[in-house]
Amino acid sequence: MGGFGYHGRAMRVDRIFEGGNLLTMDAARPRATALAVLGGRIVAVGEGSELRRHLDAERVVSLQGRTVVPGFHDAHNHMPSFGMGLDDVPLSSPPVRSVEDILRAVAAQAATRPRGSWIVGGGYDQNKLAEGRHPRAAELDTVAPDHLVWLRHTSGHMCVVGGRVLEAIGVERVPVPEGGVVERDASGRPTGLLQEQAQGLVRALVYPYPQAELVAAIGRASAHYLREGLTSVQEAGVGAGLVARSPVELSAWQEARRQGALGVRATLMIAAEALHDLPHAAADGDGFGLDLGLRTGWGDEWLRIGAMKIFSDGSLIGRTAAMCCDFAGEAGNRGFFQMDVERLRRIITRAHRAGWQVATHAIGDRAIATVLDIYQDALAAHPRADHRHRIEHCGVCRPEDVQRLAALGVIPVPQGRFISEIGDGMLAALGPERSPWCYRQRSFIEAGLALPGSSDRPVVQGAPLLGIHDMVNQRTASGRPFNPSEALAAEEAIRCYTLHSARAAFREADLGSLEPGKLADFAVLSADPTAIDPGGIGAIDVLATVVGGRVAHDRMGLD
Ligand SMILES: [Zn+2]
């Protein structure tokens with residue numbers, strides 16, 4: 001220790017937090033008991049007595065012997081959707097067990113809301129319903145004939161709507177969008193199920209959402225996230241397309257920050273549909289992106305522009321992911337691409353060339369292989385160091401493609417919590433031979449990749465400790481082992497959810513570990529995940545959350 005004094009006087013700091021069990025995720029000093037904060041950043045990490053000897057702290061705060069980790073960072077989530085969804089009719093299983101249960105929930109809403117208004121439900125999963133199928137428009141019309149009923153599948157890749165909504169979108173007149181399916185029964189009538197891009201037909205009725213609604217949703221989600229120890233997130237798509245809520249969404253985030261409603265640091269991926277041709281000098285070869293040339297990396301400590309987000313295929317449990325072979329028990333169904341592969345190639349290559357990080361949603365093994373081909377060709381034609389292109393979910397990854405990811409330096413972004421919440425459905429969709437390829441973790445790390453942690457919330461619960469629990473325990477909801485050879489140790493899973501997530505957003509210089517120079521973002525836990533029975537990780541409480549040295553959630557009297 002040394003170097004903190006100047007002119008014989010101790011350096012002043014805002015606070016020393018001491019008496020904790022710090023899991024720093026800093027390879028140079030993995031364990032410590034105290035850290036000092038000045039101006040929102042960590043200036044020293046070590047032992048309390050040592051720090052107090054060299055530093056003159058405005059306040060010394062006791063961590064009460066608790067375990068401290070860097071603030072969790074969710075590398076792929078949908079925060080305003082989660083915030084807005086807090087008002088939806090909850091249709092997750094449990095407790096919902098059947099189509100009957102869903103109809104009862106819709107009927108109850110219909111009884112309390114004016115005719116002609118929306119009833120939006122979220123989170124159902126046909127794999128978990130007794131009938132083993134989606135609800136139908138005709139059924140919804142028996143319980144809520146005068147309401148606009150819109151029930152979103154937990155995957156976000158499909159929805160079921162009632163007859164009034166089918167009428168409102170003019171389903172018999174409008175063309176089905178590319179990459180979408182309007183399901184019809186044997187007689188040719190729409191069943192109410194809209195898959196993938198066809199969901200855009202419903203969204204057109206409500207899009208864009210008002211700014212005030214988005215700001216409120218970001219605020220509600222922030223408060224929730226801080227209680228779970230999250231201090232930074234990556235938003236998987238704003239501005240256009242299926243995942244967006246408004247074409248001017250960035251200004252809603254800015255406004256949330258101005259109002260003090262944005263509690264966590266956010267990196268916003270921009271939906272590919274928002275990027276467009278730009279006038280450019282001949283010397284620049286091509287022009288593609290957002291106006292003014294805004295691109296990946298623009299912003300500050302709280303809010304910045306991340307990757308371009310683009311979809312290649314659909315969902316595994318929804319059986320729309322693009323597969324090399326048929327889904328188990330469904331001869332002829334190999335899923336589909338959301339857009340023509342040549343168009344996908346053109347957009348990714350142009351974004352790459354324009355300096356964007358690219359994050360492509362790919363779940364099926366055929367989609368992953370295709371996206372890797374595209375990245376490989378783009379990098380060969382236009383080499384770029386440290387591109388950090390990503391594959392979101394990277395669900396079914398063949399052994400040869402694990403090696404290609406590592407060779408190209410492409411970051412896979414799988415979701416640990418999928419294992420328990422939708423793991424049974426994923427295993428059923430794949431069958432036993434391909435199951436070992438599903439939602440890998442250890443094989444990615446062993447190939448040399450820095451694996452991030454993420455939830456895809458609101459697809460599943462987003463509390464990081466639940467994700468870490470599943471990354472370690474590898475059990476589905478039915479208690480079945482998911483992919484035991486891919487299990488991680490608790491410390492590895494925490495590193496994924498902190499340091500490696502930050503790296504996936506180019507933010508590891510500021511975030512992801514407790515070391516001098518980084519932002520003072522951390523969470524205080526009720527137990528040490530690396531020292532308890534792994535079955536108990538999901539039950540650990542977050543006692544306090546600190547962002548930029550400021551206590552933002554406190555259940556232990558830290559402040
Ligand atoms: Zn997502």
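Which residue in β15 is the bridge partner of Asp 74? The structure examined here is a predicted model, in which local features need pLDDT of at least 70 and side-chain atom pairs count only at pLDDT 80 or more, whereas totals for chains, interfaces and linings use all residues. Residues are numbered from 1 along each chain as its sequence is written, and side-chain values use heavy atoms, with hydrogens and water left out.

In β15, the bridge partner of Asp 74 is Val 233, and β8 pairs with strand β15 (residues 230-238) in the parallel sense over 4 bridges. Strands here are DSSP runs of E of at least two residues and helices are runs of H or I of at least four, both numbered from the N terminus, and two strands pair if DSSP finds at least two bridges between them. An open sheet with parallel pairing is formed by 7 strands in the order β8-β15-β16-β19-β20-β21-β22, and its edge strands, β8 (72-77) and β22 (411-413), each pair on one side only. Within this sheet, strand β16 (residues 265-271) runs parallel to strand β19 (residues 303-311) and is joined to it by 5 bridges.

Of the 6 residues of β8, 6 are buried (under 20% relative accessible area, with a 1.4 Å probe and protein chains only), so β8 is largely enclosed by the rest of the structure.

The zinc ion is coordinated by His 76 (NE2), His 78 (NE2) and Asp 456 (OD) at 2.1 to 2.2 Å, donors being N, O and S atoms within 2.8 Å of the metal (3.2 Å for Na, K and Ca). His 78, in the loop between β8 and α2 (79-85), and Asp 456, in the loop between α14 (442-446) and α15 (464-473), are 378 residues apart, and both His 78 and Asp 456 are buried.

How values were computed. Buried < 20%, exposed > 50% of the residue type's maximum accessible area, 1.4 Å probe, protein only.
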